[in-house]
Amino acid sequence: MSMLRSRLAYQTAGESHGPGLVITVLGMPAGVTVDLDLINDVLKRRQGGYGRGGRQKIETDTADILTGVRQGRTLGSPVTLFVKNKDSRLDDAERTPPVYRPRPGHADLAGSVKWLTTDCRDTLERASARETAARVAAGALARCLLRQVFEIETFGFVRQILDARTEVEVTEANWRDLVAARDASDTYTLDDATTEAQRAAIRAAKVDKDTVGGHVETHVFGCPPGIGSSMNWYERLDARLAAAIMGIQAFKAVQIGAGTRAGEVTGSQLHDPIRFDASKVDAPSLGFVRDTNNAGGTEGGMTNGQPVVVTGTMKPISTLLRGMPSIDLNTKEAQQSDYERSDVCAVSAAGVVMEHAVAFEIASAAMDKFGGDSVTETGDNYRRFLETARTLPLDPPEQTLA
Ligand code: EPS
């Protein structure tokens with residue numbers, strides 16, 4: 001996975017109620033123009049969405065750049081970002097009390113046993129979805145690289161909350177228009193009727209002191225064929241995406257393209273027929289056209305030139321105002337689980353987080369393929385690859401010499 005084997009990787013650190021979150025991105029080439037407005041804009045969007053809790057009224061997440069950037073451009077050294085927590089109180093025992101009644105669905109029980117304590121707070125402070133702010137910051141930095149060097153763009157939105165689902169189709173032709181629709185939606189979905197239905201589902205859950213989850217989608221446009229690799233399981237792009245997405249708090253499933261529907265139809269119904277359209281040879285697809293995209297833009301663990309389409313499923317948040325049947329870890333007696341300030345629904349935020357987790361993996365896999373220490377070198381490598389791929393088949397002697 002990117003952390004272990006790829007050059008472009010990141011590490012986050014920080015507790016939910018500690019002084020802040022630290023993000024270190026390793027392997028960024030020199031010369032990436034850091035769009036701090038983009039980073040801060042998506043950090044703000046992550047904080048929003050109908051159904052969020054009180055914490056987001058306290059925080060105004062913005063990133064400070066501590067290392068790796070000079071005059072707005074990366075140097076090739078590790079880039080460190082810092083997102084400050086205003087609600088910093090980790091060492092205040094009164095305002096951050098122990099939690100002895102684990103919440104079903106949270107890390108509380110398993111973590112307390114693992115780290116040999118009965119105070120779930122030692123686990124939950126790091127397990128908290130507060131950390132997703134760090135993931136968004138890293139992904140936004142990756143988007144700066146993707147845009148500048150590869151002209152690759154990502155688009156994330158909410159497909160469904162509980163049973164309120166938008167059927168709007170996202171294509172290469174319409175996605176830019178849908179950005180405005182998504183940004184006008186309180187739940188980050190794509191049409192007004194679904195926004196209203198999702199708001200109603202969240203409102204009903206709030207009245208019931210309950211929570212709701214849903215499905216979020218990310219589409220990646222502009223990938224050429226060949227990012228990722230079929231040579232080793234850990235280089236497969238779909239495997240990398242799945243690992244990155246399952247690493248997001250509260251995600252329970254990932255689907256690429258048709259996803260689980262692939263098990264319910266025949267091969268001739270599923271696979272996307274291949275055509276060649278010489279008029280599209282300058283597009284990232286290099287002219288290899290598919291009229292359907294059930295593969296979700298990956299075949300054999302590599303991009304195939306079609307948009308990469310990923311769906312992630314977030315479970316309902318495990319902190320319920322009404323509590324859930326649990327126990328007191330000190331006495332083992334039956335008790336309702338503890339309540340911590342939380343969200344009724346964070347699916348909208350999860351859509352932002354997944355988009356950025358996906359962006360980082362795509363950028364990391366693209367750097368694995370094209371390499372380079374500076375954006376100039378990486379860009380040259382990329383253009384040369386496209387030019388050569390367009391001339392296929394190569395002359396045999398040329399192939400031998402290359
Ligand atoms: C979150 C911050 C957290 C929670 C939520 C998401 O802050 P606090 O615990 O202080 O309210 O609101 O985290 C969870 C739902 C969770 O289970 O950890 C954030 O910034 O996204």
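Strand 10 pairs with strand 15 (residues 302-304) in the antiparallel sense over two bridges; strands here are DSSP runs of E with at least two residues, numbered from the N terminus, and two strands pair if DSSP finds at least two bridges between them. Pro 225 has Asn 304 of strand 15 as its bridge partner. The model is a predicted one, in which local features need pLDDT of at least 70, side-chain atom pairs count only at pLDDT 80 or more, and totals for chains, interfaces and linings use all residues. Residues are numbered from 1 along each chain as its sequence is written, and side-chain values use heavy atoms, with hydrogens and water left out.

Three strands make up an open sheet in the order 10-15-14, with antiparallel pairing. Strand 10 (225-228) and strand 14 (298-299) each have a single partner strand and stand at the edges, so one side of each lacks a neighbour in the sheet.

Turning to the helices (DSSP runs of H or I, at least four residues), helix 9 (residues 237-246) packs against helix 11 (residues 347-370) at an angle of about 145°, with the axes 9 Å apart. Axes are lines fitted to C-alpha atoms over the stretch in contact, and angles run from 0 to 180 degrees between N-to-C directions. Contact (heavy atoms within 4.5 Å) involves residues including Leu 237 and Arg 240 of helix 9 and Met 354 and Glu 361 of helix 11.

Finally, the cysteines: Cys 120 counts as buried, at 0% relative accessibility, and Cys 345 counts as buried at 1%, where buried means under 20% relative accessible area (1.4 Å probe, protein chains only).

Technical notes
Buried means under 20% relative accessible area, exposed over 50%, partly exposed in between (1.4 Å probe, protein chains only).
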